[in-house]
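Me: I'd like to learn how to read a structure like this one. Could you walk me through it with me asking as we go?

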Amino acid sequence: MQSSQTNSTNLFTSPANVQQQDTSADAFIRLVDVVKVYPGRAGGVKALKGISLEINRGEFLVITGRSGSGKTTLINLLTGLDHLTSGEIWVNGNPVHKFNEEQAASWRGKNAGVVFQSFHLIPTLTVLQNVTLPMDFAGRGTIRQRQERGLALLKQLEIETHAYKLPSQVSGGQQQRIAIARSLANDSPLLAADEPTGSLDSSTAQTVVAIFKELVKQGKTVVLVTHDHDLANEADRVLTLNDGQIQ
Amino acid sequence: MFSAQFFKVLNDVWSNKTRTLLIVLSIAAGLTAVGTVISARILLSEGIDQSYGSVNYANGSLTTAQAFDKDFVRSFYNVAGVAETDARRTLSARALNPKNKYSSIFIFSLLDYKDNRVNKVASIDGKWPPDRHQILIDRASLSLLDAQVGETIRIETASGDWRSLEIVGTVNELSQPPATLLGAAYSYVDEETLEWLGAPSGFNQLYFTVKPGVTSTVEKKKILESVVAKAENAGYTVVTSVVIEEVPINSIIQTLLYILSAIGILSLFLSIFLIINTISAMVTQQTRQIGIMKAVGARAIQILWMYLFVVIFFGLLALVVSIPLSTVGAALLSQYLGGSFNFKIAGNPIQTISIVIQIAIALLVPTLASLVPLINGLRISATQALSSAGTNQTNYGSNPIDRLLSGANVWFTRYTLVRPWILAVRNMFRQKVRLGLTLITLVACSISNLT
């Protein structure tokens with residue numbers, strides 16, 4: 001990570017977001033009795049059984065739990081990647097539970113960056129193009145400005161030398177940094193990460209955790225799903241899910 | 001400078017060259033077929049108009065039992081509506097070429113070679129008009145006779161005698177059905193020579209054209225009736241009389257063009273099915289990438305436009321193939337048909353309207369054809385797409401065919417141990433629409449080939 005705080009602030013946090021953080025007294029994320037049932041035979045599978053939760057702006061929340069406890073489902077619902085069965089989800093005052101697929105995509109592009117365990121980079125695009133892609137979809141700035149911001153984000157994550165390589169030409173840790181850079185492309189106030197260190201060695205995982213902590217310092221709200229107890233120890237708050245409920 | 005979306009599109013086209021080639025050739029096949037037929041149709045129509053414009057093709061004719069002379073022919077100018085008149089006599093005979101090969105031959109004597117007015121015969125090369133015991137051969141008939149200018153052919157008379165005639169030139173006959181279709185050669189001699197070959201003296205076939213402005217069949221029939229009445233009043237027995245609606249090859253050419261158009265449209269449909277299948281496969285292959293794009297904020301309409309841009313790019317590449325191919329195809333087809341039907345094709349094979357239609361089809365048809373698989377592919381949610389391994393989420397097992405195959409699987413596994421075969425069959429039935437389109441394409445190809 002680059003040590004310059006000024007640079008980091010410029011890149012990762014827009015003045016508008018800082019202002020929101022200062023003035024808003026309400027919870028940044030609010031879940032009210034969220035239920036998610038995956039349809040199937042015998043009534044389907046109830047993945048979340050009435051979760052109610054508040055997450056503050058600038059909080060680093062880690063969600064842990066066993067496989068199948070509903071962690072990934074919760075992240076998917078928070079970011080509008082999936083629809084809930086009942087309940088309410090409010091993020092920064094937006095009713096995510098009411099969004100259809102298109103509205104959710106549009107909202108997510110500007111308000112929620114998502115990082116996945118398996119990186120999910122487009123293999124035919126260069127590292128820089130992968131980072132600028134969300135800005136293209138959001139229609140943010142000119143193409144030149146997008147490239148400049150993409151390069152700045154890559155520099156912030158110390159992978160700018162790989163900007164013109166394909167994802168397959170860099171290591172797993174570097175790919176996760178690219179994915180993080182991509183999630184920051186539109187300066188989203190929320191960063192949701194699903195097992196971001198799951199595919200990385202411990203040393204690289206530590207670096208990624210450091211990046212998240214830095215982002216939290218800069219005012220981002222980070223919600224992170226992990227099995228990793230060391231990573232959980234770094235969080236402001238740890239939430240454990242068990243069988244679709246908060247333990 | 002271009003956006004990442006643009007590079008995604010470009011890389012999708014370039015990264016799978018075999019697929020790109022397959023789609024481009026699929027589109028190009030349909031475009032070439034349609035473009036060839038459109039251009040050939042225009043070239044043939046122009047060729048017919050130009051060739052027949054100079055022939056002054058007859059609007060009506062009558063045949064009499066008795067022979068008539070030139071004065072009688074010219075007397076019909078008095079009949080209201082008649083513009084020009086001319087006459088012929090025809091003798092049907094057997095010819096023997098220098099290689100002792102027999103052929104059927106029609107021998108015409110024209111009323112006036114130097115003042116040919118209706119159903120004009122044009123001299124191509126050699127002598128015009130022929131002298132006594134000389135003969136001119138229609139250009140397309142030379143191959144039937146297997147003879148050349150300068151050679152002598154022998155004609156069998158009605159009495160069984162053989163007469164020798166020197167071929168002194170070639171002509172172009174457009175007022176008769178193509179010689180190659182009838183299997184009989186057309187030839188031209190003077191009045192005395194035809195008599196020498198055993199025909200009665202004088203002429204017995206009268207041709208006339210109507211004045212400009214007379215277009216309806218009813219009007220032409222009335223004029224014909226007047227001509228017939230005049231001939232009968234003059235003491236002639238009219239054996240046949242007919243109004244001629246169109247040039248003889250027009251209906252044949254039109255029929256051929258309709259068949260070619262049908263094949264062109266069929267090819268276009270086949271290419272549509274191939275496009276749907278290939279785009280469907282492409283979307284299935286890229287399901288995860290669609291999920292990634294949705295996850296980073298892409299709306300379905302934005303992704304749809306990206307893939308449509310790919311499809312439009314395929315269409316443009318197909319045009320690069322189809323425009324030159326259809327131009328060459330149209331030139332070859334029209335030259336072949338023109339040659340077969342004895343008229344010249346002089347038009348430019350690069351036809352703007354054909355190119356414009358090809359561009360419209362190249363941009364519209366693949367775009368519309370790919371909308372169904374694209375919309376189906378984009379309907380999947382981001383989470384479903386991200387968890388996809390490149391195969392569509394299908395509800396396999398929800399209908400009787402699937403259950404039958406599953407039952408068969410158990411039976412075959414138990415009794416015949418051919419599980420891989422059944423697995424292959426079940427995989428085939430996973431995408432039933434694609435299977436249906438593939439079968440339709442194969443059947444349509446077979447029908448097209450049989451046609």
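**Where the chains meet**

Reply: Let's begin with the contact between chains: 26 residues of chain A are in contact with 24 residues of chain B. Please keep in mind that this is a predicted model.

Me: Which helices of chain A each supply at least two residues of the side that touches chain B?

Reply: Helix 4 (101-111), helix 5 and helix 6 (143-156) of chain A do. Sorted by class, the side of chain A that touches chain B holds 10 nonpolar, eight polar and eight charged residues.

Me: And within one chain, how is chain B divided into domains?

Reply: Domain 1 of chain B takes in 4-51 + 249-393, and domain 2 covers 60-240. The centres of these two domains of chain B, taken over C-alpha atoms, are 51 Å apart. As for contacts, six residues of domain 1 of chain B meet eight residues of domain 2 of chain B. On the domain 1 side of chain B that touches domain 2, three residues are nonpolar, three are polar and none is charged.

Me: Where does A:Phe119 lie, and where does A:Glu195 lie?

Reply: A:Phe119 is in the loop between strand 6 (112-115) and helix 5 (127-138) of chain A. A:Glu195 is in the loop that runs between strand 7 (190-194) and helix 8 (202-217) of chain A.

Me: Why does A:Glu195 count as buried?

Reply: A residue is called buried if 20 or more other C-beta atoms lie within 10 Å of its own. A:Glu195 counts as buried because it has 20 C-beta neighbours inside 10 Å. A:Phe119 is buried as well, because 21 other C-beta atoms lie within 10 Å.

Me: Which peptide bond is cis?

Reply: The bond from B:Trp128 to B:Pro129 is cis, with omega near -5°. B:Pro129 sits in the loop between strand 4 (122-126) and strand 5 (134-138) of chain B.

Me: How many of the six residues of strand 10 of chain B are buried?

Reply: The count is zero, so strand 10 (residues 238-243) of chain B is hardly covered, judged by the cut-off for buried residues. Strand 10 of chain B still has a partner: strand 1 (residues 60-68) of chain B pairs with it in the antiparallel sense over five bridges. In that pairing, B:Ser61 stands opposite B:Val242 in strand 10 of chain B.

Methods: Residues are numbered from 1 along each chain as its sequence is written. Chains are lettered from A and ligands numbered from 1 in the order in which they are written. This is a predicted model: local features need pLDDT of at least 70, side-chain atom pairs count only at pLDDT 80 or more; totals for chains, interfaces and linings use all residues. Helices (H or I, at least four residues) and strands (E, at least two) are DSSP runs, numbered from the N terminus. A residue is buried if 20 or more other C-beta atoms lie within 10 Å of its own, exposed if 12 or fewer, and partly exposed in between; C-beta atoms are placed from the backbone. Domain bounds come from an automatic or database domain assignment. Two residues are in contact if their C-beta atoms, placed from the backbone, lie within 7 Å. Ala, Val, Leu, Ile, Met, Phe, Trp, Tyr, Cys and Pro count as nonpolar, Asp, Glu, Lys and Arg as charged, and the others, Gly among them, as polar. Two strands pair if DSSP finds at least two bridges between them.
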